[in-house]
Amino acid sequence: FALVVDDFGIQYQDKADADFLIQALKQHYEDVTVDWTGKRFCGVHIDWDYMAKHVDISIPGYVEKLLHRWQHIPKKEDQPFRHNVPQYGTKIQLTEEEDSSPPLSKEGIKKTMQIVGALLFYARTVDPTILIALSDLASAQTKATQETKKATDKLLDYVGTHPTAAIRHKPSDLELTLHPDASYLSAPQARSRVGGHFFLGNKSTSEEPDMHNGSVLSVAAILKNVVSSAAEAEVGGLYVNAIEGEVLRKM
């Protein structure tokens, strides 16, 4: 039984039990709607395929509504975030220069915050590919500049080009599995990024190969500490992901 504000998700064995709960609710609330197919929960569409043994979650129309709200006509874009070219052949990787472009107006800063907030729900639910871009924008949104606006427009172009993101989950042993990672000096002010892919997989054995499943959590954050090597960035990434993993494991 899952409850989010006024949205119930219920698994039952006897339909009479579900009917009893519905009747009890209708005694106190007028607007009670029921979806026996279980295809929607908290605005998320759930597409069950019992023959193929998987379920896809998506939010159809969400991106289109966002683009219409801000009157953004997307251009074709296959990359949600700018690419920092590695400095090959150098012993020391230098951090990128500080953003010195003109600041946005109060209205522009507010718009950036609204876009980041709206896309954050979408990213955490069905499209983790845009989390790195959102992490960068969130860290800069209170002092947004023209470069921030360009990055925001690039992100809107990307989700407009790929508006039907979905995550597929397959049956598993519910073994919580984590793939952590980190990138050294890839964020402003000589900071590093950490990432993590959490999914529910199978218990690994010598006979069965490792299973890969849809994410139940994706971590994309900027490490607060300035570290002195890629190895330290990796350790920081492990620490950040371990904190998130402990919460999931208890749940």
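E246 is partly exposed, with a relative accessible area of 31% (buried means under 20%, exposed over 50%, partly exposed in between, with a 1.4 Å probe and protein chains only). This is a predicted model, in which local features need pLDDT of at least 70 and side-chain atom pairs count only at pLDDT 80 or more, while totals for chains, interfaces and linings use all residues. Residues are numbered from 1 along each chain as its sequence is written, and side-chain values use heavy atoms, leaving out hydrogens and water.

**View 1. E246 and R249 pair within helix α6.** The closest N and O atoms of this salt bridge are 2.8 Å apart (a side-chain nitrogen of Lys or Arg within 4 Å of a carboxyl oxygen of Asp or Glu). Both residues sit in α6 (residues 230-250), three residues apart, or about one turn of the helix. Helices here are DSSP runs of H or I with at least four residues, strands are runs of E with at least two, and numbering starts from the N terminus. R249 counts as exposed, at 62% relative accessibility.

**View 2. K149 meets D153 in helix α5.** Here the closest N and O atoms come to 3.0 Å. The two residues are four apart in α5 (residues 146-161), so about one helical turn separates them. K149 is partly exposed at 38%, and D153 is partly exposed at 24%.

**View 3. D136 and R82 join distant parts of the chain.** Their side chains form a salt bridge of 3.7 Å, N to O. D136 belongs to helix α4, whereas R82 lies in the loop between α2 (62-69) and α3, 54 residues away. D136 is buried at 7% relative accessibility, while R82 is partly exposed at 34%. Look for R193 too: R82, D136 and R193 are linked in a network of salt bridges.

**View 4. D127 is buried without a salt bridge.** The nearest side chain of opposite charge, R124, is 13 Å away (Lys and Arg count as positive, Asp and Glu as negative; His and the chain ends are not counted). D127 lies in the loop between α3 (106-125) and α4 (131-140). Setting aside neighbours within four places in sequence, D127 contacts Y122, Y158 and A165 (heavy atoms within 4.5 Å).

**View 5. Four strands make an open antiparallel sheet.** The order is β3-β4-β5-β6, where two strands pair if DSSP finds at least two bridges between them. β3 (40-41) and β6 (166-169) stand at the edges with a single partner strand each, so one side of each lacks a neighbour in the sheet. Strand β5 (residues 54-58) pairs with β6 over four bridges, and V55 has H169 as its bridge partner in β6.
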